[in-house]
Amino acid sequence: MLSISADNTPPTFGNTCPGDMVVDMPSDKPYAIVSWDEPRAADNAHGKVRIDVSPSGVKPPWRCYNTTTIEYTATDTSGNKAKCSFKVALEGAKNCFCTYR
């Protein structure tokens with residue numbers, strides 16, 4: 001008899017999720033360049049894990065124009081999901097807007 005168990009365990013980011021950061025806005029530019037190590041996800045089923053980021057297209061180094069929360073979502077082949085998010089806060093930012101390149 002063949003027994004197949006369902007994978008109900010979401011992937012994990014371990015300790016790779018960046019923490020919140022505060023970045024000083026340069027006085028000569030309307031943005032700050034922000035870098036971080038992108039989080040990595042692992043799964044108990046050793047399958048492929050897809051990682052999406054929101055806002056879409058954000059990756060380091062990133063030209064940040066205003067305070068933003070960045071969220072990574074890891075999805076395993078069974079559809080289980082895990083989230084990792086952190087906030088990039090700009091100090092000294094006035095009348096800012098945000099673009100993602």
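**First stop: Arg-50**

Select Arg-50: it is partly exposed, with a relative accessible area of 48% (buried means under 20% relative accessible area, exposed over 50%, partly exposed in between, with a 1.4 Å probe and protein chains only). Arg-50 forms a salt bridge with Asp-52, and the closest N and O atoms are 2.9 Å apart (a salt bridge is a side-chain nitrogen of Lys or Arg within 4 Å of a carboxyl oxygen of Asp or Glu).

A word on the ground rules: this is a predicted model, where local features need pLDDT of at least 70 and side-chain atom pairs count only at pLDDT 80 or more, while totals for chains, interfaces and linings use all residues. Residues are numbered from 1 along each chain as its sequence is written, and side-chain values use heavy atoms, with hydrogens and water left out.

**The other salt bridges**

The structure holds three salt bridges. Select Lys-83 and Glu-71 for another one, with the closest N and O atoms 3.7 Å apart. This pair links distant parts of the chain, 12 residues apart, with Lys-83 in strand E6 and Glu-71 in strand E5 (helices, H or I with at least four residues, and strands, E with at least two, are DSSP runs numbered from the N terminus). Lys-83 is exposed at 54% relative accessibility, and Glu-71 is partly exposed at 28%. Then go to Asp-28 and Lys-29, whose closest N and O atoms are 3.7 Å apart in their salt bridge. Asp-28 is exposed, at 59% relative accessible area.

**A buried Asp**

Which side chain of opposite charge is nearest to Asp-76? Arg-50 is, but 9.2 Å away: Asp-76 is buried and has no salt bridge (Lys and Arg count as positive and Asp and Glu as negative; His and the chain ends are not counted). Find Asp-76 in the loop between E5 and E6. A polar atom of the Asp-76 side chain lies 3.0 Å from the backbone nitrogen of Ser-78. Leaving out residues up to four places away in sequence, the residues that Asp-76 touches include Asp-43 and Lys-48 (contact means heavy atoms within 4.5 Å).

**Into the core**

Next, show Val-34, Trp-36, Trp-62, Ile-70, Tyr-72, Phe-86 and Val-88: they have the most contacts inside the largest nonpolar core, which has 19 residues (a nonpolar core is a set of buried Ala, Val, Leu, Ile, Met, Phe, Trp, Tyr and Cys residues joined through side-chain atoms within 4.5 Å). The elements that give two or more residues to this core are strands E1, E2, E4, E5 and E6. E6 supplies the largest share, five residues.

**Rings to finish**

There are four aromatic pairs to look for (rings of Phe, Tyr and Trp, its six-membered ring, pair if their centres lie within 6.5 Å; planes under 30 degrees apart count as stacked, over 60 as edge-to-face and the rest as tilted). Select Tyr-31 and Tyr-65: the ring centres are 5.4 Å apart and the planes sit at 55°, so the pair is tilted. Tyr-31 lies in the loop between E1 and E2 and Tyr-65 in the loop between E4 and E5, so the pair ties together parts that are 34 residues apart in sequence. Move on to Tyr-72 and Phe-86, a stacked pair at 6.5 Å centre to centre with 15° between the planes. Tyr-72 is buried at 3% relative accessibility, and Phe-86 is buried at 1%. Finally, select Trp-36, Trp-62, Tyr-72 and Phe-86 together: ring pairs link them into a cluster.

Methods: Polar contact = N/O pair within 3.5 Å; in protein donor to acceptor, adjacent residues only side chain to side chain.
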